Amino acid sequence: CQNSAAPVLPTTSLNGIVGTWSPAVSTATAGTIIYTFTPDADQCATTTTLSITVDPLITPTFDPVGNVCQNSAAPVLPTMSLNGINGTWSPAVSTATAGTNIYTFTPDADQCATGTTLSITVDPSITPTFDPVDNVCQNSAPPVLPTTSLNGITGTWNSEVSTTIAGTTIHTFTPDAGQCAMSTTLSITVNPLITPTFDPVGNICQNSAALVLPITSLNGITGTWNAAVSTAVAGTTIYTFIPDA
């Protein structure tokens with residue numbers, strides 16, 4: 001093989017002739033080179049030649065590996081090149097860290113092949129971001145969560161938002177495949193409905209001055225009443241307090 005250790009030619013032939021070779025054996029260049037053996041004097045021997053063929057080193061070739069996502073399954077690199085060279089890779093392929101890593105292929109022995117490298121780029125995993133959702137009231141219209149994040153990741157939520165029960169619920173967003181994005185969560189708090197409270201109103205006389213009902217409840221809820229109080233007619237009247245939005 002080219003650039004391998006040069007063979008050492010014997011200085012004594014199989015039939016006992018001693019001599020020297022020229023030129024010095026070299027494997028630096030691929031091709032066939034003729035070496036001449038010149039017998040030492042006084043042996044009644046003639047010169048002869050020997051040809052040595054140096055095979056060129058083959059560079060293993062591989063298909064490039066497309067970018068992979070951080071923490072995804074690591075690609076398995078082939079142990080045979082496209083041009084038939086067997087060997088091993090180092091180090092082991094990892095997707096734990098974003099960036100470009102260089103992997104070295106070392107051919108198995110006796111193949112007249114040189115080592116080569118392959119680069120694999122690991123794209124960072126993106127965390128989808130969303131605007132926070134303000135607290136909502138129990139039994140109000142539930143907010144519709146967006147299926148595309150603020151930073152462009154599409155996906156789905158694990159459950160629809162419900163306002164039937166007061167409390168905080170966690171909703172999980174799962175990105176669609178092929179986006180190098182990780183799951184994220186969004187919390188939504190449903191505030192319980194408050195019943196406005198007022199001091200009871202004592203009985204009043206017909207045609208007396210009408211009461212003015214307070215527009216803020218004892219527990220801080222503002223609103224309006226459905227009608228002004230009237231004392232024109234005797235009897236019990238029901239007044240409805242409507243909280244502001």
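Author: Contact here means heavy atoms within 4.5 Å. The model is a predicted one.

Reader: Which residues does Leu118 touch, not counting residues up to four places away in sequence?

Author: Leu118 is one of the residues of the largest nonpolar core. With residues up to four places away in sequence left out, the residues that Leu118 touches are Asp63, Pro64, Val65, Leu77, Trp89, Asn101, Ile102 and Tyr103.

Reader: How many residues does the largest nonpolar core have, and which element gives the largest share of this core?

Author: The largest nonpolar core has 11 residues, among them Phe62, Leu77, Trp89, Tyr103 and Leu118. Two elements give two or more residues to this core, namely strand S6 (99-107) and strand S7 (116-123). The largest share is three residues, and the element that supplies it is S7.

Reader: How many residues are in the second, separate core?

Author: This second core is separate, and its members include Phe130, Ile153, Val161 and Val190. The number of residues in this core is 10.

Reader: Which residues does Pro143 touch, not counting residues up to four places away in sequence?

Author: Pro143 lies in the loop between strand S8 (136-137) and S9. Its relative accessibility is 23%, so Pro143 counts as partly exposed. Once residues up to four places away in sequence are left out, Pro143 touches Val133, Val136, Val161 and Ile188.

Reader: What distance separates the C-alpha atoms of Pro143 and Ser162?

Author: Along the chain, Pro143 and Ser162 are 19 residues apart.

Reader: Which strands stand at the edges of the open sheet of four strands?

Author: The strand order in this open sheet is S8-S11-S10-S9, and the pairing is mixed. Each of the edge strands has a single partner strand, so one side of each is left without a neighbour in the sheet. The strands at the edges are S8 and S9.

Reader: In what sense, parallel or antiparallel, do S8 and S11 pair?

Author: Two bridges link S8 and S11. Within this region Cys137 stands opposite Asn191 in S11. The sense of the pairing between S8 and S11 is parallel.

Reader: How many bridges pair S10 with S11?

Author: On one side, S10 is joined by three bridges to strand S9 (residues 155-157), the two running antiparallel; there, Thr156 has Thr174 in S10 as its bridge partner. S10 also pairs with S11 in the antiparallel sense, and Thr172 stands opposite Thr185 in S11. The number of bridges between S10 and S11 is seven.

Reader: Which residue of S3 stands opposite Ile34?

Author: Strand S2 runs antiparallel to S1, to which four bridges join it, and the bridge partner of Thr20 in S2 is Thr38. S2 is also joined to strand S3 (residues 48-54) by seven bridges, again antiparallel. The residue of S3 opposite Ile34 is Ser51.

Reader: Is Cys180, which has a positive phi, buried or exposed?

Author: Cys180 lies in the loop between strand S10 (167-175) and strand S11 (184-191), and its phi is about 50° although it is not a glycine. Buried means under 20% relative accessible area. Cys180 has a relative accessibility of 15% and therefore counts as buried.

Reader: And what is the relative accessible area of Asp110?

Author: Asp110 also is not a glycine, yet its phi is positive, at about 65°. The place of Asp110 is the loop between S6 and S7. Asp110 is exposed, and its relative accessible area is 81%.

Reader: Which residues lie nearest the centre of the largest pocket?

Author: The space in the largest pocket comes to about 590 Å³. Its lining has 15 nonpolar, eight polar and one charged residues. Of the 24 residues that line the pocket, those nearest its centre are Val201, Gly202, Ile204, Thr237 and Tyr239.

Technical notes
Residues are numbered from 1 along each chain as its sequence is written. This is a predicted model: local features need pLDDT of at least 70, side-chain atom pairs count only at pLDDT 80 or more; totals for chains, interfaces and linings use all residues. Side-chain values use heavy atoms; hydrogens and water are left out. On a 1 Å grid over the protein atoms alone, a cavity is a set of points where a 1.4 Å probe fits but cannot get out, and a pocket is an open set with protein on both sides within 12 Å along at least five of seven lines; lining residues have an atom within 4 Å of a point. Grid points are joined across faces, edges and corners, and a volume is the space filled by probe spheres set on the points. Ala, Val, Leu, Ile, Met, Phe, Trp, Tyr, Cys and Pro count as nonpolar, Asp, Glu, Lys and Arg as charged, and the others, Gly among them, as polar. A nonpolar core is a set of buried Ala, Val, Leu, Ile, Met, Phe, Trp, Tyr and Cys residues joined through side-chain atoms within 4.5 Å. Buried means under 20% relative accessible area, exposed over 50%, partly exposed in between (1.4 Å probe, protein chains only). Two strands pair if DSSP finds at least two bridges between them.
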